[in-house]
Amino acid sequence: MNLWDEVVSSLNNEMESLKTTLAEGGAENYPSYRELTGFYKGIAWARNDLTRIVRTRFDDNDIGEE
């Protein structure tokens, strides 16, 4: 696994953790719910945008080999 795969995997794990927290009623009130969903949206945006940037800057073979 290269560096970029590890970064994406870590972001995916955090997103799954947030989904589980929300599904299991981890949001005690509406502000807490909004905060958790905001974290999820931010992580999803970061993962998607950073993936796009990395793929446009490097060949898939070069990612993480610096």
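1. Thr51 lies in helix α2, which spans residues 30-57; helices here are DSSP runs of H or I of at least four residues, numbered from the N terminus. The model is a predicted one, in which local features need pLDDT of at least 70 and side-chain atom pairs count only at pLDDT 80 or more, while totals for chains, interfaces and linings use all residues. Residues are numbered from 1 along each chain as its sequence is written, and side-chain values use heavy atoms, with hydrogens and water left out.

2. Thr51 is buried, with a relative accessible area of 14%, where buried means under 20% relative accessible area, exposed over 50% and partly exposed in between, for a 1.4 Å probe and protein chains only. A polar atom of the Thr51 side chain lies 2.7 Å from the backbone oxygen of Arg47; a polar contact is a pair of N or O atoms within 3.5 Å, of which, within protein, one must be able to donate a hydrogen and the other to accept it, and residues adjacent in sequence count only if both atoms are side-chain atoms. Leaving aside residues up to four places away in sequence, Thr51 touches Trp4, Val8 and Ala46, contact being heavy atoms within 4.5 Å.

3. Leu50, also in helix α2, counts as partly exposed at 39% relative accessibility. Leu50 and Trp4 are 46 residues apart in sequence, but their C-alpha atoms are 9.8 Å apart in space.

4. Helix α2 has 28 residues and reaches 40 Å from its first C-alpha to its last, close to the 40 Å expected at 1.5 Å a residue, the expected span being 1.5 Å times one less than the number of residues. The N-terminal end of α2 is capped by Asn29, of which a side-chain oxygen lies 2.8 Å from the backbone nitrogen of Ser32. The buried residues of α2 are Ser32, Leu36, Ile43, Ala44, Ala46, Thr51 and Val54, and these pack against α1.

5. Helix α1 has 21 residues and reaches 30 Å between its first and last C-alpha atoms, close to the 30 Å expected at 1.5 Å a residue. Its buried residues are Trp4, Val8, Leu11, Met15 and Leu18. They cover an arc of only 85 degrees around the axis, which puts them on the same side of α1; the arc is that of the directions from the helix axis to the C-beta atoms. What covers these buried residues of α1 includes α2.

6. At the start of α1, a side-chain oxygen of Asn2 reaches to within 3.0 Å of the backbone nitrogen of Trp4. Just after α1, Gly25 takes a positive phi of about 80 degrees.

7. The largest nonpolar core consists of six residues, namely Leu11, Met15, Leu18, Leu36, Ile43 and Ala44, such a core being a set of buried Ala, Val, Leu, Ile, Met, Phe, Trp, Tyr and Cys residues joined through side-chain atoms within 4.5 Å. The elements that give two or more residues to this core are α1 (3-23) and α2. Met15 touches Tyr40, Ile43, Ala44 and Arg47, not counting residues up to four places away in sequence.

8. The structure holds one aromatic pair. Tyr30 and Tyr33 form this pair, which is stacked, at 6.1 Å centre to centre and with 25 degrees between the planes; rings of Phe, Tyr and Trp (its six-membered ring) pair if their centres lie within 6.5 Å, and planes under 30 degrees apart count as stacked, over 60 as edge-to-face and the rest as tilted. Both residues lie in helix α2, three residues apart, about one turn of the helix. Tyr30 is exposed, with a relative accessible area of 54%, whereas Tyr33, at 40% relative accessibility, counts as partly exposed.
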